[in-house]
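Please look over the sequence and the model shown here.

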Amino acid sequence: MARSCPVCETAFTPATAKCRQVYCSPTCAEAHRKQTPLHGNCVACGQEFTTNASARRSYCSAECRHTARTSEDALDERVCPVCDVTFQAPRTVRQYYCSPSCRRAADRQRGQEHDE
């Protein structure tokens, strides 16, 4: 049973009769996805926005994304394993030490353990 691709209007035959294939190729499927606007609400400001980029997009603008990532809500309280000082670090950053000097002290300590 031949079907017609909604993007390029080429006739194609799906692999099986029960196949749910709509587009003749992945290229046409991607072209359709880019043509179809997606609607969402910005998680930072709540404003509705439209995008063709990705269904996973969460922010209406780069400014909202930056604001959300640098706000107080995006910070974790962590304890430095070298000096036991509590410090704040962004959730998206892999930071274990409160300062570069504590990181270097931990590196030196690990180096001495390997020498023994």
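Predicted model: local features only at pLDDT ≥ 70, side-chain atom pairs only at ≥ 80, totals over all residues.

## The nonpolar cores

The largest nonpolar core has six residues: Cys80, Phe87, Ala89, Tyr97, Cys102 and Ala106. Two elements, strand 6 and helix 3, each give two or more residues to this core. Apart from it lies another core of five residues, including Cys42, Phe49, Cys60 and Cys64. In soluble globular proteins, nonpolar side chains tend to be buried together.

Cys102, one of the residues of the largest core, touches Cys80, Val82, Cys83 and Tyr97 when residues up to four places away in sequence are not counted.

## Cys98

Cys98 sits in the loop that runs between strand 6 (86-90) and helix 3 (100-115).

With neighbours within four places in sequence left aside, Cys98 is in contact with Cys80, Cys83 and Phe87. Of these, Cys80 and Phe87 belong to the largest nonpolar core. Thr36 is 62 residues from Cys98 along the chain, and their C-alpha atoms are separated by 46 Å.

## Thr51

Thr51 is part of strand 4, which spans residues 48-51. With a relative accessible area of 7%, Thr51 is buried.

Which residues does Thr51 touch, not counting those up to four places away in sequence? They are Thr36, Pro37, Leu38 and Arg57. With Arg57 there is also a polar contact, in which the side chains of Thr51 and Arg57 come to 3.1 Å.

Technical notes
Residues numbered from 1 in each chain as written. Heavy atoms only, no water. Helix = DSSP H or I, 4+ residues; strand = E, 2+ residues; numbered from the N terminus. Contact = heavy atoms within 4.5 Å. Buried < 20%, exposed > 50% of the residue type's maximum accessible area, 1.4 Å probe, protein only. Polar contact = N/O pair within 3.5 Å; in protein donor to acceptor, adjacent residues only side chain to side chain. Core = buried A, V, L, I, M, F, W, Y, C linked by side-chain atoms within 4.5 Å.
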